[in-house]
Number of protein chains: 6
Amino acid sequence: MLFDLSLPELQRYLPERDEPQDFDAFWSETLAAARKYPLDAVFTQVDYSMALVDTYDVTFNGYDGQPVKGWLILPRNAQKPLPCVVEYIGYGGGRGFPTDWLLYPSAGYATFVMDTRGQGSAWRQGDTPDLPSEGSSPHFPGFMTLGVLDPATYYYRRVFTDAVRAVEAARSHAGIDEKRIIVTGASQGGGITLAVSGLVAGLTAVMPDVPFLCHFFRAATITDEDPYHEIASFLKVHRDKTETVFRTLSYFDGMNFAARATAPALFSTGLMDVTCPPSTVFAAYNHYAGDKEIRAYHFNLHDGGGTHHDLEKLRFLSKVLN
Amino acid sequence: MLFDLSLPELQRYLPERDEPQDFDAFWSETLAAARKYPLDAVFTQVDYSMALVDTYDVTFNGYDGQPVKGWLILPRNAQKPLPCVVEYIGYGGGRGFPTDWLLYPSAGYATFVMDTRGQGSAWRQGDTPDLPSEGSSPHFPGFMTLGVLDPATYYYRRVFTDAVRAVEAARSHAGIDEKRIIVTGASQGGGITLAVSGLVAGLTAVMPDVPFLCHFFRAATITDEDPYHEIASFLKVHRDKTETVFRTLSYFDGMNFAARATAPALFSTGLMDVTCPPSTVFAAYNHYAGDKEIRAYHFNLHDGGGTHHDLEKLRFLSKVLN
Amino acid sequence: MLFDLSLPELQRYLPERDEPQDFDAFWSETLAAARKYPLDAVFTQVDYSMALVDTYDVTFNGYDGQPVKGWLILPRNAQKPLPCVVEYIGYGGGRGFPTDWLLYPSAGYATFVMDTRGQGSAWRQGDTPDLPSEGSSPHFPGFMTLGVLDPATYYYRRVFTDAVRAVEAARSHAGIDEKRIIVTGASQGGGITLAVSGLVAGLTAVMPDVPFLCHFFRAATITDEDPYHEIASFLKVHRDKTETVFRTLSYFDGMNFAARATAPALFSTGLMDVTCPPSTVFAAYNHYAGDKEIRAYHFNLHDGGGTHHDLEKLRFLSKVLN
Amino acid sequence: MLFDLSLPELQRYLPERDEPQDFDAFWSETLAAARKYPLDAVFTQVDYSMALVDTYDVTFNGYDGQPVKGWLILPRNAQKPLPCVVEYIGYGGGRGFPTDWLLYPSAGYATFVMDTRGQGSAWRQGDTPDLPSEGSSPHFPGFMTLGVLDPATYYYRRVFTDAVRAVEAARSHAGIDEKRIIVTGASQGGGITLAVSGLVAGLTAVMPDVPFLCHFFRAATITDEDPYHEIASFLKVHRDKTETVFRTLSYFDGMNFAARATAPALFSTGLMDVTCPPSTVFAAYNHYAGDKEIRAYHFNLHDGGGTHHDLEKLRFLSKVLN
Amino acid sequence: MLFDLSLPELQRYLPERDEPQDFDAFWSETLAAARKYPLDAVFTQVDYSMALVDTYDVTFNGYDGQPVKGWLILPRNAQKPLPCVVEYIGYGGGRGFPTDWLLYPSAGYATFVMDTRGQGSAWRQGDTPDLPSEGSSPHFPGFMTLGVLDPATYYYRRVFTDAVRAVEAARSHAGIDEKRIIVTGASQGGGITLAVSGLVAGLTAVMPDVPFLCHFFRAATITDEDPYHEIASFLKVHRDKTETVFRTLSYFDGMNFAARATAPALFSTGLMDVTCPPSTVFAAYNHYAGDKEIRAYHFNLHDGGGTHHDLEKLRFLSKVLN
Amino acid sequence: MLFDLSLPELQRYLPERDEPQDFDAFWSETLAAARKYPLDAVFTQVDYSMALVDTYDVTFNGYDGQPVKGWLILPRNAQKPLPCVVEYIGYGGGRGFPTDWLLYPSAGYATFVMDTRGQGSAWRQGDTPDLPSEGSSPHFPGFMTLGVLDPATYYYRRVFTDAVRAVEAARSHAGIDEKRIIVTGASQGGGITLAVSGLVAGLTAVMPDVPFLCHFFRAATITDEDPYHEIASFLKVHRDKTETVFRTLSYFDGMNFAARATAPALFSTGLMDVTCPPSTVFAAYNHYAGDKEIRAYHFNLHDGGGTHHDLEKLRFLSKVLN
């Protein structure tokens, strides 16, 4: 059922952004620190019985120079560098196997899938360790409050840095046209997509689906569904840390990245989505600074647009790539 | 958690089959009646932005000559007739879009997906109407008890007939090697696969995953999960129809089809599967008359082997096709 | 708890009706087509050990001339034709047995109970098959979306036609005074009652309790309870069919029938009813064109007024019949 | 699903009874104390718009001479004293209104419905206060542990005494044939029925449906459903009172009353009943000392045999009364 | 998640009080009647292996002169009469053991814990019987509707009277400074605390945590959580008793007691508390007539401020006692 | 309800232990590595308004020399070194505040509470970071599978090492008699207690309540409750890691530590405990090599013996300390 704002209200919902003064400095220093390590993207061909595509196991250096895994999948026998869709993954899942990622290659694009550090044990398996070099303060189970007492130690600082480096890794491969990079992902993958939209220049398109990691305070008080609810669960116990936590989260809010984006974007949201409520998605969408479109699915929850929206995305890609 | 027999018990679990005397007559008459209608398989090429595969919308005549939809997907530019994997769908889902079925084509095989009549509104959408020409007696919501008071009017009589005709439709296409047909499917799709394994000769392989529609009486009393539970829900109201219902179901029990099968088979099951309990799967497996293997996933429920098992199936296909 | 409008808001809640131009034509053609078949109401006395009442098994021809079952129960030894209460049944239930329908006969009235085609397996048993002669497009389990893509094939077209014919069947019995027919029912039975109130002339009274099948769009977005939720479940999968579905439903909306009614009515509703929310009931009530009263039960859900309201209805009947 | 013993095991399940030495003394003293008060059954005719039956509001003196309410309903214009079905009510419900009790009168019998003291606020309303003259020790919400630390103060001592007096009240009415008394009831009503079967002589028949209050220790450890679970909830807190509580309950166990019964009986049970598990019902049934029959409904829970069983009971009554 | 008013709305939320004209008369007569019995507070030293505190089992005469249990715990070897914190207990719990009540004694205060009659079987055990000398009308399981049809027989009349007598019992002990009595409790204990704040003069402080028993009508319609929901459950059955019930409750509403209070108070509430919604707490707080402070915990439910708030209370005590 | 073995079966339940050959080497190397860092236990007096006890904030160096927090609470003005109860904490909780730990000090003992690294955000707050210096492989949310692919990186390797060092820290304080150390804790605290019982010599007593971390394979297959279920959740995704995971867990199984223990022990368990099933507790108990007693609470779940058992423990302490 509907539980959030109505569609007309959503379309004009533009909450004030809570942005720390040193937001840009924080991120440029974070990325600069990561870039002190060589990227070292390694692509090893692997055999998964595929006849139409080539599959590569990928390793590159992400946050703090730590190794991050991924897959690169290319249509076999492509004649020239291809556009590449970089995909980020939803909360709790990992990169799985190359056979899980056949949509974009079948459509003739390269696809680069980034594993999410520490995740990949709640549904599709992952292979990348997380290494909180500064230690992790006590946290509620899950990743939302891992190191949340300080922006410098917060889990998503590491993930967003990995994500920027993933684009760089994709661009480093000879089969890929570095000028035609598209970023996408659903839920947490959509939140990471938004972060990358504000941190990486020269993207061809940005396609966040039912994005997570936006408008944290509203999200934490409007729904009882995890993973946003992990914030509320943490603050239920740490009653005196509310301000600290939301200050940290302001460095990671999709609204703040969206306001810095320039590439054309296609968003999606489900109007009954209790996991990533539509008002938090529209909050980012309405602040998004590039050209933009959104598909709002009326009777959908966090499943969003499903294959219907995959087809929309393929059409959108045709448009922006031609 | 484990709730059914232990693995060693499962491996030797061979319950007596409840098979009506006229089982074979029932099915040969049913199929003969359907075959009085021309098959008329029509393949219309459709554009879903796919670069590596060709996609066809399919219509063929199933039970009672009624039109049934499907997809045929072929690797583009194949040089000679290909082996074809015919896939049946899980309960409540429909054929969706061709982009939902890229695994086998990417591996170099044709794939033929059969829509399930009346279904396709609970998760992935379907496009095939059901037409119970004899009328449907009162039933519990869902498909398990649709027309269940008589084998002649039972819903799965129509579905299993469609499934046999689907193999014939696949064989009728020029790009497909009619001698190399593999049938597969998960859950309801696995149950249909078993039915086909006993009704169609000359199959190359049979791969039922976490199959449904086996050992009905045990299933209806060992779990409260739908869809098996729809039987219990119906009999809770129709207290005087227990015998009638299980007589009907005996014409549709996967154990009885398995006992007639000849092709090599790869089964899968989850030992914690409360939807299709492992004892009902092993009941069919242990009665299966062809060469056979099974993968039992210890900590899995109805998700079974997931992509891990997809890879097992690709390996099994390489073996049986070479 | 309260989740819908407050009582004062409900009392003045008069949403715009969404009525297709050919609403009346649709229904007059539908009924005319059914009336081409003879009604052929057959009343067979049956023995259920009752000493004070006579019980008859009824069959009459409903939609498309298909046979529909019912019960007729008459106080034994009545001296002259009696007023008759025609009762329609809630979602999922069937006619059960005559012993389930003793209230109105004990009060001295005849009662005629109509079985609901296809239903009667979720709680009280039914005996009437459904026969969708045009075939049923894929639907979410249940009856709400059976054939919903076209008003001509929608399930409730068949049911409402049966319901009109049921009144005619009751009127055809010699023991019944055809000028004194009352229609009633709870939930789905209340929705059918409203349909009949707008389709049948000369009724003595109309008593819909916690009626279903009113103000579909609001209902499908304000609650997650079935059966209204079946609409949302269907549209969650068929994302591109929203307009089509609500166009079909506009031919079946209790508000549109209520606006055509003339008989005096007694409604009931529970202010905490999450199955048939009070705003959907008041929407129909406030549009009801005849004399009318409503009882709103403050702390009740879909149980509505229970036996308290049965007594209200007996009092209302005394009033309108004298 | 099935969770208790299988039907063959149930049929021979005869657990040892835990019966206190002074069981008979306890009950004869209890009843003697109640009978020191005059019964004073008062029958006041009341008008509920019924044409075929006469309805009386009843008050009689039960435990400790306290007033207990009931209904007496008689077919209008009966020519001679009638057999009377005395009905006891399920847990949490009350006597409601006469219109709730039309089955037996419509079949030509008198029916006498006893209100259950203190209850009648969880579903059908009641009108009889409970008055624990000895005070009630702390108890878990509900009635199962009210005064449970001592047989003398236990709630059901008062209820069972009322129930015996209810039979005496029914017998005291001129329209009733005191030699033809039948006792019945479902769930708690079935448990009370069993108690009366062992405490009252000269009954014509005993019909406990899905009876509660039998084989307490097994019941409290085999299910988590209330009301049996109230015992476990109480002992979860009062960890040192286990022996005390089960000693009290041994004075109220249906098995012990059944072993003293002499009238012919018709039991019912649902094999999937998690509220009153079938093994606790068969425990009482197998100890029942009179002629007996039982109907076991295979796919039913606490709903038992529903109207199907009502018809069985009417047939059983015809048999024992002729 | 947030479900009630926002914090700014709560801070100015001052609903009209529903106060019967004879509110004061009712309570002065009630207390006068209880005081006709001698208080007879008896303190028996008991050994629970405590080295730093002395523990006493307490019995005193409460409502109708009936014995009520409690504990008195004193720091060992105190040199002079101490301030005493009188604690009332949450719904369903009892006094447990002295080892459950070490906070205030460890801080150097006496603590007097009152058992709640009839309760103490749902979580921490209790030892005090309830004795409704006027009988208890039918009620929904639990204590909220016990005798609710008349203020004279309502359960909380007895409890609040006990609570006033508990303060008198504490004052009667030689080790306690009768001028320095503080009352406190959480949930039901907070509701009792508020009652005492309006009924007892000369208190040093009042500390209700997440108090229950305030603003009953709003509470019964804004949440489905017990125990407030017991009111709705009762009225769902007793559809004709709404006015009667809320009239009774008006004699027991924390808002009405708060308006009579004079001692300084520290309240607490959880803004996500669905058991005792914050608007019902602020309703009492905003009507509280003495000096007052409140701590609103943003992400907490009925757990309120936990140990964080214990420390607030210790600081508040230091302040008011010095 | 009961779901595990019966009490007589439990009493003789002695499953084979799965113990790696290098179990002792693993632990002696692990502890030796930790002891290369100075313990550096620092005790800072803090003011929490306590009059009868002194409270100290504690920091000591645990695994890998990382700082671990705790509390030390001493009865004020003790004349000589006291026995000290070292307490470990249940899953998800942290050390909270000293006011949460008043039981043993009030009984005249010192108490030392160890914070659990990384935890303390699900219920009682904690203050100790976790620092997995080797990185943490992907894990299911929670702590059960953190680093579980290798005993060297498994989370509990760090925790158990901290726990051994906590005993050493307690012993290092002048107010504590190092010869009289008792270890205790409930659930995870009980599991840690068992680990310490096998790793630390010279303990006075061991009191594990409803201990967790025992007999992992059975636990992971007999219950669906977290935290044991986290293992099943992880293996549901990582289908190929079953052997690896249980090999790691064999280094941490309470049964293996119990078999090395020497101090007298008092265990407790709840026979209906679905979180830490009684068979897993009895498995450790029956292997426990020292003198031992166990209290089995029949109707309790993971709440175990509650305050009743606190009193048992105080009695047990009196016995072993005298």
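At what angle do helix 7 and helix 8 of chain E pack, and how far apart are their axes? The angle is about 150°, and the axes are 10 Å apart. Angles over 145 degrees count as roughly antiparallel, so helix 7 of chain E is roughly antiparallel to helix 8 of chain E. Before going further: this is a predicted model.

Now the residues behind that packing. Helix 7 of chain E covers residues 228-237, and helix 8 covers residues 242-250. From helix 7 of chain E come Ile231(E), Phe234(E) and Leu235(E). They meet Thr242(E), Val245(E), Phe246(E) and Leu249(E) in helix 8 of chain E.

Over to chain B. There, the axes of helix 7 and helix 8 come within 10 Å and cross at roughly 150°. That makes helix 7 of chain B roughly antiparallel to helix 8 of chain B. The contact residues are Ile231(B), Phe234(B) and Leu235(B) on helix 7 of chain B. Facing them in helix 8 of chain B are Thr242(B), Val245(B), Phe246(B) and Leu249(B).

Chains C and F have no contact either, with closest C-alpha atoms 27 Å apart.

Next, the aromatics. Over all chains, the count is 162 aromatic pairs. Take Phe26(B) and Phe252(B). Their ring centres are 6.0 Å apart and their planes are at 80°, so this pair is edge-to-face. Phe26(B) is buried at 11% relative accessibility. Phe252(B) is buried too, at 1%.

A second pair in chain B: Phe267(B) with Tyr285(B). Centre to centre they are 5.0 Å apart, with 75° between the planes, and the pair is edge-to-face. Phe267(B) is in strand 8 of chain B and Tyr285(B) is in helix 10 of chain B, so the pair ties together parts 18 residues apart in sequence. Phe267(B) is buried, with a relative accessible area of 0%. Tyr285(B) counts as buried at 11%.

Two charges over rings, quickly. In chain D, the charged end of Lys292(D) sits over the ring of Tyr285(D), 5.2 Å from its centre. In chain F, Arg95(F) lies over the face of Trp71(F), at 3.7 Å from the ring centre.

On to the sheet in chain C. How many strands form it, and in what order? Nine, in the order 1-2-3-5-4-6-7-8-9. The sheet is open and the pairing is mixed. Strand 1 and strand 9 of chain C stand at the edges with a single partner strand each, so one side of each has no neighbour in the sheet. From one strand to the next, the twist averages 20°.

Strand 1 of chain C pairs with strand 2 of chain C over five bridges, in the antiparallel sense. Thr44(C) has Asp57(C) in strand 2 of chain C as its bridge partner.

Now strand 5 of chain C. Is it enclosed or open? Five of its five residues are buried, so strand 5 of chain C is largely enclosed by the rest of the structure. Both faces are covered. Ala110(C), Phe112(C) and Met114(C) are buried on one side, Thr111(C) and Val113(C) on the other.

Helix 5 of chain C lies across strands 4, 6, 7 and 8 of chain C. Helix 5 of chain C runs at about 140° to strand 6 of chain C. Helix 10 of chain C lies across strand 8 and strand 9 of chain C, at about 165° to strand 8 of chain C.

How values were computed: Residues numbered from 1 in each chain as written. Chains lettered and ligands numbered in written order. Predicted model: local features only at pLDDT ≥ 70, side-chain atom pairs only at ≥ 80, totals over all residues. Heavy atoms only, no water. Phe/Tyr/Trp six-rings, centres within 6.5 Å; stacked < 30°, edge-to-face > 60°. Buried < 20%, exposed > 50% of the residue type's maximum accessible area, 1.4 Å probe, protein only. Helix = DSSP H or I, 4+ residues; strand = E, 2+ residues; numbered from the N terminus. Lys NZ or Arg CZ within 6 Å of the ring centre and 35° of its normal. Pairing = 2+ DSSP bridges. Axes fitted to C-alpha atoms, helices over the stretch in contact; angles between N-to-C directions. Contact = heavy atoms within 4.5 Å. Parallel < 35°, antiparallel > 145°, perpendicular 65-115°, else oblique.
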